[in-house]
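Hi,

Here is the structure I promised to pass on. Have a look at it first, and my notes on the charged pairs follow below.

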Amino acid sequence: MKVPFYDATREYNLYKPEFDKVIADVIASGAFILGKQVQDFEESIGAYTGAKYAVGVANGSDALVIAADILDYTHGAEILTPVFTFFASTSCIARLNGKPVFCDVEEDTFCMDMKDAENRLTDKTRGILPVHLFLQTADMTACMKLAEKYRLTVLEDAAEAFGMKTMYKDKCTHAGLIGDFGIFSFFPTKTLGGYGDGGMIVTNNKELYQKAKSYRTHGSTIKYHHDYIGYNSRLDTVQAAILQVKLAHIDKAIQQRARHAAQYRDMLKDITAITLPVIKNGNTPVHYVFCLKAEKRDELELYLKEKGIGTSIYYPVPLHLQKCFEYLGYQKGDFPIAEKLCKTVLALPMFPELTEDEVSFVCESIKAFYQR
């Protein structure tokens, strides 16, 4: 048996008539840039998440850069952000000549440690960029207390967090809607993923929304009239149409991911060399990926590959040790938890159309590895 880490074709075959129709409709309309389907999808995202405003952009990385630019994470402004995450969470700050200030993460959730973040505040700190990683949100109650205490803005990187919720001020709130801005990525592997790149900026602030909408089209609100030096970053109409189809099935997809996660947990719970992910109270998880901590991680990864099982390492190198961030002056050992996670975390196959037999094969293969 071969088990892919991710397979987009299974979902396509499941809903093929729906996908084919909406793609053909876009082509027949000739409205390939910011067509009606983009606005429809933005409204649907608002309805699903509770966001007052949503702006479709070309990808999640652009969403981060645009939102960071609007929040003035520029010209030496220090922004607190986790060191254990995808590159774009930091590059969006560095690209604007802001200064990323790395923070270590919680060992059990992999999310930003807000106590460590507070210890790294200076008089140049302007904002916080928490990342909702893998299956749950960062501690947004602690994050917002920090922001309010020191008058900081908050940009939530919810690229992996579509469908995730957390309790905030006694209310169950969708990821991305607590800070000033939130962003989603629609990269194909995401819980809500397209057939190409795509991203979304969400906010409940009208002024920020109007700026984001302008920034995605070169800072223009009226054609050829530019209020800002913006970007060329628009959600493709074809992708919006595809994502609208997927959004109609998203709750079922999230439930299927949850069933796979439950099976993984049940079958792997007695392996002492494995540490399963912890979900903090108040969080409603969504299993974008299924990450665990594994002894002899690299050997296990190779063993599973030989068995035909796809895996992924999140992340092999922490951000403070990336060559492009050498100028920040961090050294090995500065973030011990993140460095430890980079040596132990492994992601197993996770997508809705996985079968029970495939998950069982993955688990039995892991058991066999540790019983050798």
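**Salt bridges**

Searching the whole structure turns up 17 salt bridges, each being a side-chain nitrogen of Lys or Arg within 4 Å of a carboxyl oxygen of Asp or Glu. Bear in mind that this is a predicted model, where local features need pLDDT of at least 70, side-chain atom pairs count only at pLDDT 80 or more, and totals for chains, interfaces and linings use all residues. Residues are numbered from 1 along each chain as its sequence is written, and side-chain values use heavy atoms, with hydrogens and water left out.

One of the bridges ties E11 to K246, at 2.8 Å from N to O. That pair links distant parts of the chain, 235 residues apart: E11 sits in helix α1 (residues 8-14) and K246 in helix α9 (residues 237-248). Helices here are DSSP runs of H or I, at least four residues, numbered from the N terminus. E11 is buried at 14% relative accessibility, and K246 is buried too, at 6%. For reference, buried means under 20% relative accessible area, exposed over 50%, and partly exposed in between (1.4 Å probe, protein chains only).

Then there's D25 with K21, whose closest N and O atoms are 2.8 Å apart. They are four residues apart in helix α2 (residues 16-29), so about one helical turn separates them. D25 is partly exposed at 35%, while K21 is exposed at 53%.

Salt bridges with shared partners also join D7, R10 and E358 into one network. Within it, R10 meets D7 at 3.3 Å, N to O; R10 is partly exposed at 23% and D7 buried at 18%.

Cheers

Key:
Helices (H or I, at least four residues) and strands (E, at least two) are DSSP runs, numbered from the N terminus.
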